[in-house]
Amino acid sequence: MCMMKTVTTSMSLAEELERLSGENGAKKELNGWRLSSSAPELGVQRARLVSKDGKTLLNNIQIPERFRQAYKNWFHLIIECNWRTICILFLLGFIVSWTIFAVIYYVISRLKTVKKDESCIANVDTLISAFLFSMESQHTIGYGLRYMTDLCPPAYLTLCVQCVVGVFLQTILAGIVIAKILRPKKRRQEMRFSRMAVIGPLDEHDKRPTLMIRLADIQEKLFLAESHVRLYMACSKINSRGDRELIGVKDMNVGYDSGWDRVLLLWPIIVRHVINEDSPLYGMSRENIVKADFELIMTVEGIVEATGMTFQARTSFLPDEILWGYKFKPMVLMNEKLSKYEVHYSFFDQTERVCDFDAQTIETEETEDEHHHNASGFL
């Protein structure tokens, strides 16, 4: 008699929810998920193209005109900075602007010859007073003690230029703050992928081998529109010079030919890729997969309804992060007492062994009755 083996965790629901929303570095590297205590040990550390939390891990060498290419799109680069850096940059920008025009005003007031007992700028006779006049003028404060006269054209021409510069700086700051607030970076971090992928039967009635990855949106109030998923296989090999090179990226069907890649993320789902003759995994055994040189890269894109902005979340799976002969444990269960479905996030990474999944090599033959199941999709 076949025994059902379940990969379990010892966390309570409260601990699970706490780790789902974790923000520190250790949790980010694992994309918010821990390996269960009984999960198989990972092998030798392999180089990744994409980290578990979606960061690209490539090193770009000898990019032509690297500095120019990086900083000619300075507006978007500033948006990508954290709030502390943005505040420091604009604080320095305003201080530099005030200082430059203060020096100009001071030089004009000292060098320009005017009538006796009259000056270009009233009550500006030191560098400090010139700085205060510069700041008051740029922000239209105007305390009344220091003011511009019509005796020196260079002075009021400089004032016109400073007014334009001040409006320009404030407009840029307002634009960056609005773009920074609206960008869906935090929304992307609320997408969660299972730590491991599994290969098992499609369902209880269809025993075709299927690659499955669990996906969840842990945000309860901000829903997504037009969300869809993609799955790719990046392959590498050792070339004739002994270097490992990336040889290409293959698309893995998750149902885009029949619309199943458009996922409904109101509750956790399982994205599935049926391993048939068109799959890059077709014909591979359990041992072949573990030793193979590939990386599965999964992306999910969606539109935040509140702002209309699009985001993309990514993760990746190495061959030793794929469990053979497992399926995910159900986590959306009905509470009969309340007549309401409940989502048990403590089950998110839990898998169970499929005892009748004995295929050592992935080979399937379609029949006419199974044709309607051919498209990959989500459960």
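Q: Which side chain does the side chain of Glu321 touch in a polar contact at 3.0 Å?
A: The side chain of Arg48. A polar contact here is a pair of N or O atoms within 3.5 Å; within protein, one must be able to donate a hydrogen and the other to accept it, and residues adjacent in sequence count only if both atoms are side-chain atoms. Glu321 also has a side-chain polar contact with the side chain of Arg195, at 3.2 Å.

Q: Where does Glu321 lie?
A: In the loop between strand E11 (310-317) and strand E12 (322-324). Helices (H or I, at least four residues) and strands (E, at least two) are DSSP runs, numbered from the N terminus.

Q: Is Glu321 buried or exposed?
A: Glu321 counts as buried because its relative accessibility is 2%. Buried means under 20% relative accessible area, exposed over 50%, partly exposed in between (1.4 Å probe, protein chains only).

Q: Ok, backing up, what kind of model is this?
A: It's a predicted model, where local features need pLDDT of at least 70, side-chain atom pairs count only at pLDDT 80 or more, and totals for chains, interfaces and linings use all residues. Residues are numbered from 1 along each chain as its sequence is written, and side-chain values use heavy atoms, with hydrogens and water left out.

Q: What's the mean pLDDT of the chain?
A: It's 79, and 80% of the residues reach 70 or more. pLDDT is the predictor's confidence in each residue, from 0 to 100.

Q: Where does pLDDT stay under 50?
A: Residues 19-44 are one such stretch, and the model gives them 57 contacts beyond four places in sequence. Residues 364-375 also stay under 50, with 24 contacts of that kind. Contact means heavy atoms within 4.5 Å.

Q: How many helices and strands does the chain have?
A: Nine helices and 16 strands. Of its 379 residues, 40% count as buried. Take the contacts between residues at least 6 apart in sequence: 72% of them join residues at least 24 apart.

Q: New topic: how many disulfides turn up in the whole structure?
A: One. Cys120 and Cys152 form it, with their sulfur atoms 1.5 Å apart; the cut-off for a disulfide is a pair of cysteine sulfur atoms within 2.5 Å. Cys120 is in the loop between H5 and strand E2 (121-122), while Cys152 is in the loop between strand E3 (147-148) and helix H7 (153-182), so the pair links distant parts of the chain, 32 residues apart.

Q: What's the handedness of that link between Cys120 and Cys152?
A: Left-handed, with -55° about the S-S bond. Both Cys120 and Cys152 are buried.

Q: And how many aromatic pairs are there?
A: Four, from a search of the whole structure. Rings of Phe, Tyr and Trp (its six-membered ring) pair if their centres lie within 6.5 Å; planes under 30 degrees apart count as stacked, over 60 as edge-to-face and the rest as tilted. One of them is Trp98 with Phe131, edge-to-face at 6.2 Å centre to centre and 85° between the planes. Ring pairs also link Phe94, Trp98 and Phe131 into a cluster.

Q: What lies over the face of Phe317?
A: Lys52, at 4.0 Å from the ring centre. The charged end of Lys180 sits over the ring of Trp83, 6.0 Å from its centre. For a charge over a ring, NZ of Lys or CZ of Arg has to be within 6 Å of the ring centre and within 35 degrees of the ring normal.
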